[in-house]
Amino acid sequence: MLNITVIGAGYVGLVSAACFARLGFSVTCLDVDQSRVDGLKQGVIPIFEPGLDRLVATQAKAGRLRFSLVDPAFITGADIVFLAVGTPSVKDSDEADLSHIFGAARMIAPHLKSGAVVTTKSTVVAGTNRRIRATIAAERPDLRFSVVSNPEFLREGCAIRDFTEPDRVVVGHHDEAGRAAMETVYASFIDNGTPVIFTSLENAELIKYAANAFLALKISFINEVADLCEAAGGDVENLAQAIGLDPRIGERFLQAGPGFGGSCFPKDTRAFAATGRRLGSPLRLIETVVSVNEARKEQLAARVEKALGDCAGKTIAILGAAFKPDTDDVREAASLVLVPALAKAGARLRIYDPQVGPDAAEELRHASFASSLAEALTGADAAVLLTEWEEFRTLDPRWAREVMAGSLFVDFRNALQPAEMQAAGFTYVGIGRGEVPEVPEVLAAAPAPQRVNGSPVNGHTREGHEAARPPRGAAIEMPERRPVGVAL
């Protein structure tokens with residue numbers, strides 16, 4: 001049985017350690033935080049991730065998972081050491097802060113046994129793993145060891161499933177010993193047909209950033225299209241459904257909203273763009289994604305103020321503070337921008353999030369915290385849905401209207417049905433749902449397109465489009481939508 005040591009008991013390290021133990025390996029998770037380690041030994045999980053508490057308890061009871069402060073004995077006895085420490089943005093810079101990863105490399109170097117494999121789980125910029133190898137070699141020039149890049153693709157809220165049922169596993173290596181070790185670790189995945197991509201260290205590092213940047217690009221794209229829908233009288237929900245049926249596009253990450261947040265997309269897009277600038281190969285699209293997303297969050301308060309009018313003295317219920325549901329993570333969340341802005345405008349703010357409390361972030365202390373949805377909504381002049389927790393998706397509109405003092409409901413996630421909200425007496429504000437404008441005369445008088453054999457000719461070939469169509473007979477009804485409430 002392989003002995004695995006994971007450095008770092010944060011989100012990635014803790015989930016990875018528990019899942020490696022579930023695969024049958026003997027795993028020790030080390031951290032420098034005494035209180036965190038003591039809590040984990042007692043079964044106290046420092047983050048909210050569905051199912052993680054049960055998984056940790058089961059593996060610890062089975063003797064496959066243990067926790068400790070950094071102890072050389074657990075490094076010396078490890079066949080594989082996974083580095084899972086934070087790589088946040090450098091203060092006042094877009095670059096990734098790699099000080100923790102190199103600190104960990106220097107810390108483990110004196111204690112590694114011959115043949116050990118050092119594997120980076122942390123998200124690091126291109127060239128980092130070769131620098132890690134050089135750092136360890138400088139400390140131990142006679143040591144035989146391997147360095148591997150094995151980036152994580154864990155989504156908060158479903159991280160255990162993402163680990164155990166991955167779309168793919170990426171392994172960057174520089175020698176056959178490192179590759180062989182990872183083949184052993186992921187043998188069950190290979191047997192089950194999961195794509196396991198073996199590539200260079202640099203490719204593995206770039207794959208992680210490119211994947212996150214592309215997904216962030218889709219989010220920023222649909223948010224800008226949502227703004228156009230509001231101006232042109234379209235409905236971004238119908239639009240996203242239609243274009244998502246094209247397999248070249250796909251339906252995921254096409255939900256318009258308040259902008260992306262969390263521990264990955266914001267810092268990774270900034271670091272990816274910074275890498276491009278540093279290497280003289282600018283990533284102009286990603287630079288734009290970063291600016292579009294930041295602007296998106298800054299515009300949220302103005303949308304609420306436009307719908308509500310003067311916010312001064314008004315009580316606004318903020319439903320959700322985490323950057324997404326099923327997590328307590330507020331890093332780069334839209335709430336950290338919206339709450340201070342509305343407070344500055346004079347609003348009285350009341351937040352309810354099932355997992356986030358008042359100590360989560362300094363920016364949230366501008367508001368009071370409710371212990372329930374009912375407490376948040378009762379007597380509120382307006383409500384703003386910011387995180388699409390299931391509790392909010394299943395909200396009873398008539399009940400909500402009865403307990404609220406005002407009738408404005410701003411849904412920044414399009415989580416509720418406009419018609420139902422209007423029927424309950426709400427003025428409902430969604431994202432990307434615009435009123436149909438008058439057709440300008442120049443457009444109304446435009447000539448009909450030229451047709452060949454009954455089909456319009458627009459300069460594009462039909463090649464590639466036929467395959468993207470839904471199967472014959474797969475009727476999808478998108479009825480003409482009538483404007484509901486106020487569209488911003």
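Modeller: A nonpolar core is a set of buried Ala, Val, Leu, Ile, Met, Phe, Trp, Tyr and Cys residues joined through side-chain atoms within 4.5 Å, and we shall look for such sets here in what is a predicted model.

Colleague: Which residues touch the most other members of the largest nonpolar core?

Modeller: In soluble globular proteins, nonpolar side chains tend to be buried together. In this structure the largest such core has 42 residues, and those touching the most other members are Val27, Leu52, Ile80 and Met182. Helix α1, residues 11-22, supplies the largest share of this core, with nine residues. Leaving aside residues up to four places away in sequence, Leu52 is in contact with Leu14, Val15, Ala18, Ile45, Ile47 and Ile160. Another core, of 40 residues, lies apart from that one, and Ala240, Leu254, Ala347 and Val410 are among its members.

Colleague: In what order do the strands of the open sheet come?

Modeller: Strands of a sheet pair through backbone hydrogen bonds, either parallel or antiparallel. Here eight strands follow the order β3-β2-β1-β4-β5-β6-β7-β8, with mixed pairing. Because β3 (65-69) and β8 (196-199) are at the edges and have a single partner strand each, one side of each is left without a neighbour in the sheet. From one strand to the next, the twist averages 25°. Strands β1 (residues 3-7) and β2 (residues 26-31) run parallel and are joined by five bridges, with Thr5 standing opposite Thr28 in β2.

Colleague: Which strands does helix α5 touch as it packs on the sheet?

Modeller: Helix α5 (residues 99-108) touches β1, β4 (80-83) and β5 (116-120), and its direction makes about 155° with that of β4. Helix α6 (residues 128-139), in turn, lies across β4, β5 and β6 (145-149), running at about 155° to β6.

Notes. Residues numbered from 1 in each chain as written. Predicted model: local features only at pLDDT ≥ 70, side-chain atom pairs only at ≥ 80, totals over all residues. Heavy atoms only, no water. Pairing = 2+ DSSP bridges. Helix = DSSP H or I, 4+ residues; strand = E, 2+ residues; numbered from the N terminus. Axes fitted to C-alpha atoms, helices over the stretch in contact; angles between N-to-C directions. Contact = heavy atoms within 4.5 Å. Buried < 20%, exposed > 50% of the residue type's maximum accessible area, 1.4 Å probe, protein only.
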